[in-house]
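Here is a short note to read beside the structure. Please keep the coordinates open as you go through the points.

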Amino acid sequence: MDDLQFRRQAYGDPNNQSEAFLTHLAENKDDAKFVNDLKAFDQKLTQALNIDVPEGLADKLLLRHQLSQHQQTQKRGRYMMAMAASVAFVVGVSFSLLRFTPLNLTENSLAHVHHETKALVMEQDIGFNDVNFKLASLKGLNDSKFIKQPGRVFYTSYCDFQGVKSLHLVMADDLGNKVTLFIVPVESRMVLEEAFADNQYKGKSFQTADAYMILVGEPASDLDFVKKEVENTFI
């Protein structure tokens, strides 16, 4: 066995019992002493690592882990609550500011008509009692109603004007053209133009005791006809 091979085996396993290894030790006193030193070091290392585990250590480590997890959960909970509170505060402030922001009814009416195109293809026949039922849920319009049918009503639904619950109707003029009518409860922040238009629709508005009436139709629509129908049937 050459010296390099011997040292590899000695470092790997000083207690090697192979015949070649033992023969080498018998023939080389210095190498035998080297192997004895390695064996003594191994024994000291084994004794150093052979430490009795303190009683209850496992339970203590488990408890510490559980406490650490609990603290992390509490921290995450406090963070999420703080975030939720911040979001609620921002939403609350935004909504409050929205309620005091001037509301241009003509711009909003045109935007509604452009957005809710499905309303203009409806072909229902809605009675004025059904319209009155919806009107009764609008704030400030509890006593307002139609006393008879204001011509044909194709469509009715609630709509929102920046936080103001309103009513969206589609009616017919004298030629059967469809005209949109928005009934919006009066608020002091609202801005209303008597006549308005864009590149597709024209509009006309007027006010009753408790509501703004905004009419929107295509250029060929007779808005004055629908206005008279509403004025003669709405109280």
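1. Terms first. A residue is called buried when its relative accessible area is under 20%, and exposed when that value is over 50%. With that cut-off, the buried residues of helix H6 (128-135) are Val131, Asn132 and Leu135. Seen down the axis of H6, these buried residues fall within an arc of 100 degrees, so they line one face of the helix. Asn129 and Phe133 are exposed on the other side of H6. The buried residues of H6 pack against E3 and E4.

2. The overall picture. This is a predicted model. The chain has 235 residues, and 32% of them count as buried. Seven helices and eight strands make up its list of elements. Take the contacts with a separation of 6 or more: 55% of them join residues 24 or more positions apart. The accessible surface of the chain is about 15200 Å². Carbon and sulfur atoms account for 55% of that surface.

3. Helix H7 (223-233). Which residues of H7 are buried? They are Leu223, Val226, Val230 and Thr233. Viewed down the axis of H7, they fall within an arc of 110 degrees, so they line one face of the helix. An α-helix has 3.6 residues a turn, so residues three or four places apart point the same way. Lys228 and Asn232 are exposed on the face of H7 turned away from its buried side. The cover over the buried residues of H7 includes strand E3 (164-172), E4, strand E7 (202-207) and strand E8 (211-217).

4. Both ends of H7. At the start of H7, a side-chain oxygen of Asp222 comes to within 3.3 Å of the backbone nitrogen of Asp224. Further along is Thr233, also in H7. Thr233 counts as buried because its relative accessibility is 2%, against a cut-off of under 20%. A polar atom of the Thr233 side chain lies 2.8 Å from the backbone oxygen of Glu229. Leaving aside residues up to four places away in sequence, Thr233 touches Lys145, Phe146, Ile147, Lys148, Gln149 and Pro150.

5. Aromatic pairs. How many aromatic pairs does the structure hold? There are two.

6. Phe161 counts as buried because its relative accessibility is 0%. Phe182 is likewise at 0% relative accessibility, and so counts as buried.

7. His112. Which residues does His112 touch, not counting those up to four places away in sequence? They are Cys159, Asp160, Phe161 and Phe182. His112 itself is in helix H5 (residues 105-115). His112 has 13% relative accessibility and therefore counts as buried.

8. Lysines over rings. The charged end of Lys165 sits over the ring of Tyr158, 4.2 Å from the ring centre. Lys178 lies over the face of Phe154, at 4.8 Å from the ring centre.

9. Val164 and Pro185. Val164 is in strand E3. Val164 counts as buried because its relative accessibility is 4%. Val164 and Pro185 are 21 residues apart along the chain, and 7.5 Å separates their C-alpha atoms.

Key:
Residues are numbered from 1 along each chain as its sequence is written. This is a predicted model: local features need pLDDT of at least 70, side-chain atom pairs count only at pLDDT 80 or more; totals for chains, interfaces and linings use all residues. Side-chain values use heavy atoms; hydrogens and water are left out. Helices (H or I, at least four residues) and strands (E, at least two) are DSSP runs, numbered from the N terminus. Buried means under 20% relative accessible area, exposed over 50%, partly exposed in between (1.4 Å probe, protein chains only). Contact means heavy atoms within 4.5 Å. Accessible areas come from the Shrake-Rupley method with a 1.4 Å probe; for residues, only the protein chains shown count as cover. Rings of Phe, Tyr and Trp (its six-membered ring) pair if their centres lie within 6.5 Å; planes under 30 degrees apart count as stacked, over 60 as edge-to-face and the rest as tilted. A charge sits over a ring if NZ of Lys or CZ of Arg is within 6 Å of the ring centre and within 35 degrees of the ring normal. The arc is that of the directions from the helix axis to the C-beta atoms. A polar contact is a pair of N or O atoms within 3.5 Å; within protein, one must be able to donate a hydrogen and the other to accept it, and residues adjacent in sequence count only if both atoms are side-chain atoms.
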